[in-house]
Amino acid sequence: MIQIIKNARLSNDQKVDIIIKNGKILDVVSDWTGLGEIIQLPKNVYVSSGWIDLHTHSYPKYKPYCAYPDDIGFKTGVTTVVDAGSCGANDIDEFYFLSKKCITRVYSFLNVSSVGLKIRNELADMSMLSLEAVLQANEKYSTFIVGLKARVSASVVGENGTLPLEVAKKFSKQINKPLMVHIGSTPPKLVDIVSLLEPGDIITHCYNEKINNHIFSDNGLTKNSIKEAIERGVYLDIGHGTSSFSYPVAQQAKKENINFHSISTDIYEWNKINGPVYNMATTLSKFLALGYSLEKVIHSVTEMPAKIINKRDIGVIQKGALADFTFFTIENKEVILEDSIGNEILAEKQIKPYAVMIGGNYYECNTNEIKEGYKC
């Protein structure tokens, strides 16, 4: 069965016909004249490759950082969710089998601590960091695990400083996959964290405003270290979250050309229902309000996160890629949107998910189910 998305309007306003067969993109052409099932979309609907949320908490076992993948995934316009360290090696079997029951594609940044977020200071006890456990998990689920996650902030590492990060880096080299690093309250200092990161690693919560430990701390020392890290191939990820995204920092970063690479939500059940995250579309709308183009915003939630996790068959609309798409509209309606610390911005445009396609299967986004959520 051949399916055709006729006159698909892309984020750069180009219009194409997208031809789909057996769950993959057969071709992208200007005017398809062959036979097939036409997928009709309203004229105001845009088409992008499927949205990828690089930082979620989609393992629903441990409160409070928990959610069910489909409730933060396809129902909200996101076709792929990547769990960012909710799960460690002890629970990876359970998480993998759960993921296979979901419509949404699910991947994992495995927590370097074997217990994951079963406890909130998982890097305070170094005995919970086991190379053998990481190697076994990665060998068993090499496609599912896209990298490792280390939460390197004071409440998590305790008295260990950068030692858990140094160990995490050794682990990531052993499996040849990137390390995503959560930055937050000091100690350790951001400048010391950044010095240990290598090409392909990811700094998440990059525009936070933690006291004395954000991009613009230390009279420019941290800013310079971040710029040097970007130059050597370290990625900046938004990781909005409940307390990790600041409009003033984001605005200053834009002014000084310290550009993020990927937009992610750090979403879980509580901040999905109570905000300030709510969903990916709301997060993307904030970046339109900050003055970024639609093309840049969509690129940061499709092609860039796919590149970061080395999944080249998603995140792009091109021949041979998986038929993952997000269909969305842009409403010209003013709304006040808050960052993580209560600052407000007037958004004149809102991105709204309409439907998704995952592997050639079409699903409408159900806003009622989004609000009801999953009780983890």
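His55 has 1% relative accessibility, so it counts as buried (buried is under 20% relative accessible area, exposed over 50%, partly exposed in between, with a 1.4 Å probe and protein chains only). Keep in mind that this is a predicted model, where local features need pLDDT of at least 70, side-chain atom pairs count only at pLDDT 80 or more, and totals for chains, interfaces and linings use all residues. Residues are numbered from 1 along each chain as its sequence is written, and side-chain values use heavy atoms, with hydrogens and water left out.

**Around His55**
- His55 sits in strand 6, residues 51–56 (strands are DSSP runs of E, at least two residues; helices are runs of H or I, at least four; both are numbered from the N terminus).
- Its side chain makes a 2.9 Å polar contact with that of Thr204 (a pair of N or O atoms within 3.5 Å; within protein, one must be able to donate a hydrogen and the other to accept it, and residues adjacent in sequence count only if both atoms are side-chain atoms).
- Setting aside residues up to four places away in sequence, His55 also touches Lys149, Asp237 and Asp266, among others (contact means heavy atoms within 4.5 Å).

**Strand 6**
- Six of the six residues of strand 6 are buried, so the rest of the structure largely encloses it.
- Strand 6 runs parallel to strand 7 (residues 78–84), with four bridges joining them (strands pair if DSSP finds at least two bridges between them).
- Ile52 has Thr80 of strand 7 as its bridge partner.

**Nonpolar cores**
- The largest nonpolar core has 78 residues, and Trp51, Ile203 and Phe287 are among those with the most contacts inside it (a core is a set of buried Ala, Val, Leu, Ile, Met, Phe, Trp, Tyr and Cys residues joined through side-chain atoms within 4.5 Å).
- Apart from that core lies another, of 18 residues, including Ile5, Ile18, Ile39 and Val316.

**Helix 5 and what follows**
- The 13 residues of helix 5 should span 18 Å at 1.5 Å a residue, and the end C-alpha atoms are 19 Å apart, which agrees (the expected span is 1.5 Å times one less than the number of residues).
- Among the buried residues of helix 5 are Leu165, Phe171 and Ile175; the cover over its buried residues includes helix 3 (131–140), strand 9 (145–152) and strand 10.
- Asn176 comes after helix 5 and has a positive phi, near 55°.
- Asn176 lies in the loop between helix 5 (163–175) and strand 10 (179–183), and it counts as exposed because its relative accessibility is 70%.
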